[in-house]
Structures are given as C-alpha cells and as structure tokens.
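Here are my notes on the model you sent over.

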Amino acid sequence: MSKVKLTVNGKAVSADVEDRTLLVHLLRDHLGLTGTHIGCDTSQCGACIVHIDGRAVKSCTTLVGQADGANVTTIEGISKGDALHPMQEAFRDNHGLQCGYCTPGMIMSAIDIVHRYQGNLDETTVRHELEGNICRCTGYHNIVKSVLDAAGRMKVAAAAE
Amino acid sequence: MSEGIGARVVRKEDKRFITGKGKYTDDVRLHGMTYASFVRSPHAHAKIKSINVDAAMAMPGVVDVLTGQQLVDDKIGNLICGWMIHSKDGTPMKMGAWPAMAPEVVRFVGNAVAVVIAETRNQARDAAEAVEVVYEELPVAADIRAAIAPGAPQLHPEAPGNVIYDWTIGDEAATNEAFTKAANVVAMDIVNSRLSPNAMEPRSAVAEYDSAEEHFTLYTTSQNPHVARLVLSAFYNIAAENKLRVIAPDVGGGFGSKIFIYPEEMVALWASKRTGRPVKWTCDRTEAFLTDAHGRDHLTKAEMAFDKDNKIIGLRVKTHANLGAYMSLFSSSVPTYLYATLLSGQYNIPNIFAEVISVYTNTTPVDAYRGAGRPEASFVMERMMETAARQLKVDPAELRRKNFVTQFPHQTPVIMAYDIGDFGASLDAALNAIDYAGFPARKAKSKAEGKLRGIGFSCYIEACGIAPSKAVGSLGAGVGLWESCEVRVNPVGTIEILTGSHSHGQGHETTFSQLVADRLGIPTSQISIIHGDTDKVQFGMGTYGSRSGAVGMSAIVKAMEKVEAKAKKIVAHQLEASENDIVIENGEFKVTGTDKKIALPMVALAAYTGHNLPDGMEPGLKETAFYDPTNFTFPAGTYICEVEVDPGTGKTDFVNFVAADDFGRLINPMIVEGQVHGGLAQGIGQALLEHAVYDQNGQLMTASFMDYAMPRADDLPSFKLSHTTTLCPGNPLGIKGCGEAGAIGSTPAVINAITDAIGNNNLEMPASPNRVWHAIHQQQAAE
C-alpha cells in the first residue's frame, strides 16, 4: 500500500492505495469521478484521457504513484461553474458525440491538441492527432468539425482573457 | 416552430455526456457491492475434467467461487435462440445446449466455466487466476470450411455435421429454368468477413437481490431491457417478471451487440442471490472481443443470369453462415430472413432462389451486428452488379438503372413488398455529387502521376422498422415487434414520454421531444423522455434494426392522438364549442375562427382537478398506445466511392465518398447525418481495416485494439451526404429509418472502387495495403 497526494480538479486529495492501483480507478472508485471511462485497457482508445500537469495522459495505464504530487484535471474539472469549456460547447453544437462514452477522453485529448498547436489546426492535423482516440459512433466527421470549431473559440476566449 | 420536425436541434442529452455526468452501468455503486471475475476457457474445444476452487476460495477477499455445475443444480436455464428456423426438409433448427457457465464441455475460447465473487475487482481477478481447471482438449473446427468437412469435429450432439439448418427461399425450379435462357451468367464466390462489434462501452452488469422482497434489480448494458427481463424470467428461471427490475441506464453504443442476453448478466443475478451481496461485473476489452457476439462471416456462391438486353432474369445464391459455438438470441434470423429477403436489391428480378446453411464452429457466437444480414445481402448484390457491368462491358450506373424497380408497390420473389422508393433519384444525386462525368479525366490525371484511380457504386436497399408482429411470428420470431408509448401530461402541462425504445447514442431524448413539441407547439424543454427501466415503462421491444423512428415514434404519435383528442373534448366543453373546431397552436387549444382559447397547462390542470369535465369523462391526461407496424420500411440509396491506390505500397486513399439516402421524413437532419457518418465508418472499416481472425486452433488472434484495426480518425475521409425523399406510406410520420444504412451500403462501394482501380476483381476484405499490393502484382503477372 502507498499513500499518495495529488491535486484533482483543484482539490487536494490523498489516498492509501495498493501499489498497482491505476489512476483511472482512483478517480472512478475512490473519488467518484466517473466521467473518465475505461474502453480498452491497452492505451489504444483514449476514453480514459485526463490532464496531468496540463498534458493529455491515458489514465488506464498510469499508476497512481506516477501521479503523486501532480495536478490532475478530469472532464468534471474543465467547465467554470455553469460556463462550459469552449471544447464542450463545440462538441454539443457540432453533434460531435452520440453515445457519449468516448466523449470525455475526446474532449480532454482535443483540448491538449489545440493547446499544443496554439489553435492553428487543419483537418488533416486534427485527424492525425486524434489517432489515439477511438469513437465507434460518429465516424469522426463531426468530432473533427468540433475540434476545428473549438480551436477558433479557444483563440477568442484566450484573446478575451 | 424552430424545435419541431425537421429542425437541427442540438441534443438535450449532450450536457451530461460532455461534462462527465453520464450514468453508465459501470458507474453504478451499491452498498456492500462485490465484484465478479470469470474463469474462461483458453481452449476452443475441450472437456472439463475437473475444477478445483480451493486455492481461489482461500485468497484474500474472496466471497465465493461458483461453477457451471452449481448453475445446473440451481436449475438456471440454458441460453436460447428466440427465432425458429426450419430446414428445407421441414425439421426444426438444431439448437445445442448453452449453459451460462460450461459444466462439461467448452466450445470456444472465452467460454465461461466459473466465476469468482470478491470484495474488490483486483481480488476477484487474482482469485480467478487461482482456479484450477483441468481440460482434455478436443479437435477444433475454427471456421466454416473446417466445420463442414468430412470427419469434422462435432460441436453439439444435437447438430450432426455441425449443420444448424439448411434453409431455402424462392422458387428453385423457376430460377433454374431462367438460367437456361440466359444470354450471360455472372458467377462469383464472395466472402463476407467476420467482425467484432466493439461498442466503446464494454458490457457490464450490476445485480442486487432483496431477500425480504425476493426481488432482483439488474443494471445492465442493454438495447432492450424489457426483452432482457422477459428472457431472464421466462426462459432462464431467474425470477418472475414482477420480481425482476431491469435498468439500462446510459449505454455506450450497441450496434446490435447489446441486444442479446449473455451469460454474464444471468450469472451476476444468480450470484447476487447466492452471496446475498450486490455483484458487479464489467468486462475488459479482451473479454469483449471473446464474448460479445460477432458479426457477418458468410461464404457465398452467387450466380446472376442476364438476358440479351442486360436485364436480370435470375439469381441463385448459396450461403454458408457461421453462427459460432452456440446459437445467440436472434442468430438464426440474421442469415435467413434478414439476409436472403433482401437479395432482390433495388432490382426487378423475376426469379430468385437462395439456400442458407448455418453451421456451428468453435468460435464466439455470431449474431446481429449493425445491419444484421442486410450488409451481407447488399455486399452480394452490389459486388455482383459491379462485376456484371465489367463482364458485360457496360456502365455500372446504367446497368443498375436499367434493372431498377420503378413501379411501387413491388413484390419481390423473396417475401419483401417494397412500398415506395425512387432509386433513380438517389443514383442521380450521387452521380452529380461525385461529378461522374469528370471521372475519366481524373483517372487519366492520376495515371499520369503514377496512381491508380477507381470508382465504385453501391445501390443498396434494406428493410427496417421491424416489424409487423403477425408477419415475423409466421416466420418464426418468438416475440412481437411492436412498440409502446405512454404520454403523461402532468397537471402543470409538462409532458413525460415513456417509451419502449432505448437510446444508446441515437439521441431519442431530442428527436422524440421534437415530435411532441411539433404537435403541441411547445418548447422541447417542457418534454422529458423516459426509457430504459422496466419499473417505469410498462413494456417495449427496444432499439435495433433502425426501428425507433418508424416504430417507436409511431407509438408516440398514436398515444399523442389520444391525449389530444381528450384535451380537445375538455376544451370544447369549457368553451362551449365543438371539439371538431378546436385546433392546437403554440401550446394553446383554440376555437378556430374565434379568440377563445385555453393554454395547455390550464387544460392539463382542468383534467386533474376534475372540477369541470364533460359528463362521464375520467379525470387525468395520460394515454398509452401500442403500435404494430403494417410493413417493413425500405430505406435505400446510392453510395459512390472514389479512391486512389498507390501501386508501390498498395495503400488506398479516399478521394471522395458521396452518399445519397432516402430515409423518408427526417425528424432531425443533424442526428440523421451523424447516424450515416457512423454507419459509413463501420462499413468502410470492414472494407479496409477490420477483421476478427481465428487461427486453426480457434484462438482469436485479434482480441485487443492492438490487433483488431478499428477505424481511426485518420483512416477516414469527410463524407458528402445528401437526401432524396419518398415518404414511407406505412407509418404516420413517413419515416424509413437511418441507423444502419451507412454500414449496409458502404462496404461494396469501397471494394468496387478499389477493384476498379487495380483491375483485379479478386480481393478479400479487409483490403489492406498488403492484400491490395499483392492483387495488383497478381494482375500484372497475369497480364
């Protein structure tokens, strides 16, 4: 057993967990943050993506110990009160989701993509960068639209701040 | 009305999904909950010599270890197939026993033999590793050819030669006669590859038993919770229906794979009673590959006879279908009534004869997967038509057009009566969208750049809106396929729609609300859609076969008509007018031609106070309807795919993909387009990427996303969609259904395009760069 301390969605968290505990299980089982999903167990599908210190990471293959001391953000932590994150708004407005299961990981991945490219994205780049997120419902068509739309919205939001 | 029928309303359900507040089965946590982990066979075919659970029982946190023999001892029933098919000799299909956990013989890798119930997930998995099972391996039949070979290993004593049924449809003598008169005959061997469904949410079940009430609750990943309850109760002896509540909360995709009742939810229920603790089971992805019913897997020989004018005069088809190791819930119907009845395609074919032989193999059970039989039919028909055009040296579009059904209704020789359509209109729309006239120039330009460009067509038709209960009953279905709806107008005028349809990504909360909003002229925010809980919704048949618009929404219409009729009577009474003069506009009931009106909330309140109702009228404003469809619906369209193949690498690039669909009336075009996009991705996935591969020992070689090539964003193009419309005359909304068309129509278009590009028609799916490269070089060597 190990004691870990980390920050999740801005709140300090500590837990005694088995050494083999995965970050996704800490989030889902111990913290009740069930928005982060498990889709494949092998780092392929990206349903489990969260941000660790601002970078998109697959939490189903991250041991809790690897996140000790880190700042973790999940899908539950990206909106400000009732104000949705621009990426969340873009997914809704462009019908970028159907069953919703891959959606939290898609959104967390997409935010990281927009940040890394500073919003300068085109369709080919978005499709390439989404290689680590699998969706079975949408055929990606509207997810790609959503990410491109959000990239514009996030530029505007950043300029306003 | 901006939120009514035809409006691109953003989805009501999205806020919970984009904020991480969706509630899926694995999100359910109950007090005292335990975790189940299954012990599964590593062999495709073996006798169980012994099972020793002692070491596992002694492991930390283990509550119990249960085996197949205990299931038998507790008189839990075997899994069943609910659709009876009779062979051509009149004998019923040969269904082998399928216990939820095998007591004696395992027949596929992943067949459950025992289950560990423990305090934590990890403890359950650790202990499952410690269960000692001694097997005696048996010979394996891992595919159709091995299963039907002389001396093949026998899977079930009930099915000699591993044949489940040998079924036929159509007039054999007349078809053979037509072939004697043919000017040309086109013949092909066609393989429809095996697929894994792979909904992103793995299957899950949480079962709880209340010993005081002798009552079970099951949360599960189901497309049809009422059917699950019916089957668990009537056939598996879990509990009486009134003692079993089944809840399918948010479900993360189904694609058919969550229609069926699987061993694991049965065992979870049973184990919750045995242990006195709630039991959760959630499968991991490899378990999903091993146990979720697979799709397709046909071997077909097809022959098409043409007269001298290139009119089709006959079609003969012989298909072997692989149903896996056991007969899943609707498996028998997929290669028969959902497949061979669509072998007329969009064409006027006077004579059709088809024979379907379904066989057992030592593989995962096979059942309905998006399209369920219709993709296999359209693949046969559209590969045949393209091949015929090449052989007859005519334009593939014009060969199809020449043979289109143009008069409706049209009775095919294989049961279906097409009610309406305009196949030429969708072909024209697709030809325009892809600029067919400009293709030769584009092909020449590619050639100049060292690339091979090809174009491929698919003019698909399918049958949705399943189904008229009497008709499917006569064909062997064990259930009726109507749908139900209850409309509850609350005393303050808000509305709850309780539906037997189930949404697992389709957006029913939005489209069903749009229908009601359209009828009453109220905002969708005043309407709630309730589904997926057998304690709330009286009964329903669930969502599959693109039926929720055509059947589920028709039930809503029927119930709304009753509500509106009663409300009009109340208004007419209070305003001293004739009920025939009452119209509904913008949420108000108005006496036409006057300024007299009562708003919906006041009508509802009047119904519930009962102070001033017509003599003899019951209080309240709540109505129920059961809608049984009068016919199948027939979505149809044309897909054209244009590809460019690099002869150096065999890699296929999409240049263009256009879809022109006729779905009848569209309630929300945004959602319809989303359904098509997803279907196209699955159909293209089969053509280019996906394949569930077994080795000859029955080991599944593609049991993770590392090995099974799911379509990813950079594998797919953006799609160009358009719609042509003929309204379905068979239901009140004119809806045909849109959920599966993309998967049904797209696969042959892609293969037709690649084979056109490379000049070699001999190409199996998936058309990987390796296979395409070899096909190019095989062709070059032949030349």
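Predicted model: local features only at pLDDT ≥ 70, side-chain atom pairs only at ≥ 80, totals over all residues.

1. As for secondary structure, chain B carries 20 helices and 28 strands.

2. Next, the overall dimensions of chain B. A compact globule of 783 residues would have a radius of gyration near 28 Å, and chain B comes out at 27 Å, so the two agree. Its C-alpha trace spans about 90 × 75 × 50 Å along the principal axes. On burial, 58% of the 783 residues in chain B are buried.

3. Now the place where the chains meet. On the chain B side 42 residues are in contact, and they face 44 residues of chain A. Helix 1 (14–18) and helix 18 (669–688) of chain B each put at least two residues into that side. Helix 18 of chain B gives the most, with 7 residues. Sorted by class, the side of chain B that touches chain A has 18 nonpolar, 14 polar and 10 charged residues.

4. Chain A comes in two pieces: domain 1 covers 2–77 and domain 2 covers 86–160. Taken over C-alpha atoms, the centres of domain 1 and domain 2 of chain A are 21 Å apart. Their contact draws 15 residues from domain 1 of chain A and 11 residues from domain 2 of chain A.

5. Which strands of chain A supply at least two residues each to the side of domain 1 that touches domain 2? They are strand 3 (49–52) and strand 4 (55–58). Strand 3 of chain A gives the most there, with 3 residues. By class, that side of domain 1 of chain A splits into 7 nonpolar, 7 polar and 1 charged.

6. One helix pair in chain A deserves a look. The axes of helix 2 (residues 86–93) and helix 5 (residues 141–160) of chain A come within 8 Å and cross at roughly 145 degrees. The crossing of helix 2 of chain A with helix 5 of chain A is right-handed. Helix 2 of chain A brings residues including Met87(A), Ala90(A) and Phe91(A) to the contact, while helix 5 of chain A brings, among others, Ala150(A), Arg153(A) and Met154(A). By class, the contact between these two helices of chain A has 7 nonpolar, 1 polar and 4 charged residues.

Note on methods
Residues numbered from 1 in each chain as written. Chains lettered and ligands numbered in written order. Contact = placed C-beta atoms within 7 Å. Helix = DSSP H or I, 4+ residues; strand = E, 2+ residues; numbered from the N terminus. Nonpolar A, V, L, I, M, F, W, Y, C, P; charged D, E, K, R; others polar. Domains from an automatic or database assignment. Rg over C-alpha atoms; globule rule 2.2 N^0.38 Å. Buried ≥ 20, exposed ≤ 12 C-beta atoms within 10 Å, placed from the backbone. Axes fitted to C-alpha atoms, helices over the stretch in contact; angles between N-to-C directions. Left-handed = near helix turned anticlockwise from the far one by under 90°.
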